[in-house]
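Hi,

Here is the structure I said I would pass on.

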Amino acid sequence: MTWGQFKQFFTRNWREKIVAILLAILFWFMIKSQVNPPPRYEPPLPPLRAV
């Protein structure tokens, strides 16, 4: 592979390649947030009273 072919490989359809990379990153973050959700801090319940 010559330098010209190598350069053409990356510069051909560069808009589509950028869109594909951005979509892949977006979907990766969406899947990551669903698989390992951040911990939710809920306020503690009030103590129970005996009747």
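N13 counts as partly exposed, because its relative accessibility is 48% (buried means under 20% relative accessible area, exposed over 50%, partly exposed in between, with a 1.4 Å probe and protein chains only). You'll find N13 in the loop between α1 and α2, and its phi is near 55°, a positive value in a residue other than glycine.

Before the rest, a word on what you're looking at. This is a predicted model, in which local features need pLDDT of at least 70 and side-chain atom pairs count only at pLDDT 80 or more, while totals for chains, interfaces and linings use all residues. Residues are numbered from 1 along each chain as its sequence is written, and side-chain values use heavy atoms, with hydrogens and water left out.

Overall layout

The chain has 2 helices and 0 strands (DSSP runs numbered from the N terminus: helices are H or I of at least four residues, strands E of at least two). Its radius of gyration is 25 Å, whereas a compact globule of 51 residues would be near 10 Å (taken over C-alpha atoms; the globule rule is 2.2 Å times the number of residues to the power 0.38). Along the principal axes, the C-alpha atoms fill a box of roughly 85 × 20 × 10 Å. To give you one span, V19 and P43 are 24 residues apart in sequence and sit 42 Å apart in space, C-alpha to C-alpha. Buried residues come to 0% of the 51. The chain exposes about 5,900 Å², and carbon and sulfur atoms supply 69% of that (Shrake-Rupley method, 1.4 Å probe; for residues, only the protein chains shown count as cover).

The aromatic rings

I get 4 aromatic pairs (rings of Phe, Tyr and Trp, the last by its six-membered ring, pair if their centres lie within 6.5 Å; planes under 30 degrees apart are stacked, over 60 edge-to-face, the rest tilted). W3 and F6 make a tilted pair, because their planes are at 35°, with the ring centres 5.8 Å apart. These two are 3 residues apart in helix α1 (residues 3-11), so about one helical turn separates them. F9 and F10 pair edge-to-face, at 5.2 Å centre to centre and 80° between the planes. Ring pairs link W3, F6, F9 and F10 into a cluster.

As for cover, W3 is exposed at 63% relative accessible area, while F6 is partly exposed at 36% and F9 is partly exposed at 48%. F9 also has the charged end of K17 over its ring, 4.7 Å from the centre (that needs NZ of Lys or CZ of Arg within 6 Å of the ring centre and within 35 degrees of the ring normal).

The nonpolar patch

V19, L23, L26, F27, M30, I31 and V35 make a nonpolar surface patch of about 680 Å². Patches take residues with over 30% relative accessible area and no salt bridge, joining like charges within 9 Å and nonpolar side chains (Val, Leu, Ile, Met, Phe, Trp, Tyr) within 5 Å; a salt bridge is a side-chain nitrogen of Lys or Arg within 4 Å of a carboxyl oxygen of Asp or Glu. V19 lies in helix α2, and F27 is in helix α2 (residues 14-35) too. F27 is partly exposed at 46%, and V19 is partly exposed at 47%.

Cheers
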